[in-house]
Amino acid sequence: RQSKSTIAGRLLPSWRWLHRAKDQILILTAVDDLIERDGLRVRDTLRNDEYAAIQDHCIHRRYIEQRFGLRPDSFAKERFVNTEGGARHGYTIGGRFTGVNADIIVIDDPHDLGETFTHGSPASRLRAVNEVRADYKDKIQDRLSSQIWGVIILIMQRVHPQDLADYMIEQGCKVVCLPGRYMATH
């Protein structure tokens, strides 16, 4: 409950577009409901009068050239485009997102903690973890528009010793750990 999903799934696209309105942002999660929920929240933020005032401030400061908004023909909750060509694409892990490349990829809770993790056998949990790892290796990590400047953000709680966080740590990714409770030693 540290607002990680709110920050990365809703506020990050809105903030990033204030600096680079053409950026492509790919949001991936295990559950469709989160994609729709956060997509609606980004759209609401972009249509908010306070966001328009922030854009005016950015124009005044010359961070951006002009105000932008959602394209009038862009109504999907999962995928929409702004008037400068930037887009937010939302898909489930394991889904098909052929042809989608992004400047920022946010992976939010990639492991579905439903039946497999609550009542499944150790073998079924390992199989589910390996499927997510395989999707990351085969389909996700190559979706960055730039391997130099692109960013992949993973938000999750640890669910298994070999989960996606374990794989990304092995690959040298930086970790920011936000414990669920205050720990004086952390």
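**A walk through helix, sheet and rings**

Visitor: Where is Arg-125 found?
Guide: First, a word on the model: it is predicted, so to speak, with local features needing pLDDT of at least 70 and side-chain atom pairs counting only at pLDDT 80 or more, while totals for chains, interfaces and linings use all residues. Residues are numbered from 1 along each chain as its sequence is written, and side-chain values use heavy atoms, with hydrogens and water left out. Helices here are DSSP runs of H or I with at least four residues, strands are runs of E with at least two, and both are numbered from the N terminus. Arg-125 sits in residues 122-140, which is helix α5.

Visitor: Is Arg-125 buried or partly exposed?
Guide: Buried means under 20% relative accessible area, exposed means over 50%, and partly exposed is in between (1.4 Å probe, protein chains only). Arg-125 has a relative accessible area of 22%, so the label is partly exposed.

Visitor: What is the order of the strands in the open sheet?
Guide: Two strands pair if DSSP finds at least two bridges between them. Five strands take part, with mixed pairing, in the order β2-β3-β1-β4-β5. Pairing on one side only marks the edge strands, β2 (79-81) and β5 (151-155).

Visitor: Which residue in β5 is the bridge partner of Ile-104?
Guide: Strand β4 covers residues 104-108 and runs parallel to β5, joined by five bridges. In β5, the partner of Ile-104 is Val-151.

Visitor: How many aromatic pairs does a search of the whole structure find?
Guide: Rings of Phe, Tyr and Trp (its six-membered ring) pair if their centres lie within 6.5 Å; planes under 30 degrees apart are stacked, over 60 edge-to-face, and the rest tilted. The search of the whole structure gives three.

Visitor: What is the angle between the planes of Tyr-51 and Phe-68?
Guide: Both residues are buried. Tyr-51 is in helix α3 (residues 49-60) and Phe-68 in the loop between α3 and β2. Their rings are edge-to-face, 6.4 Å centre to centre, with an angle of 80 degrees.

Visitor: Why does the pair of Tyr-136 and Tyr-167 tie together separate parts of the sequence?
Guide: The ring centres are 5.9 Å apart and the planes are at 70 degrees, so this pair is edge-to-face. Tyr-136 lies in α5 and Tyr-167 in α6 (residues 164-170), so the parts tied together are 31 residues apart in sequence.
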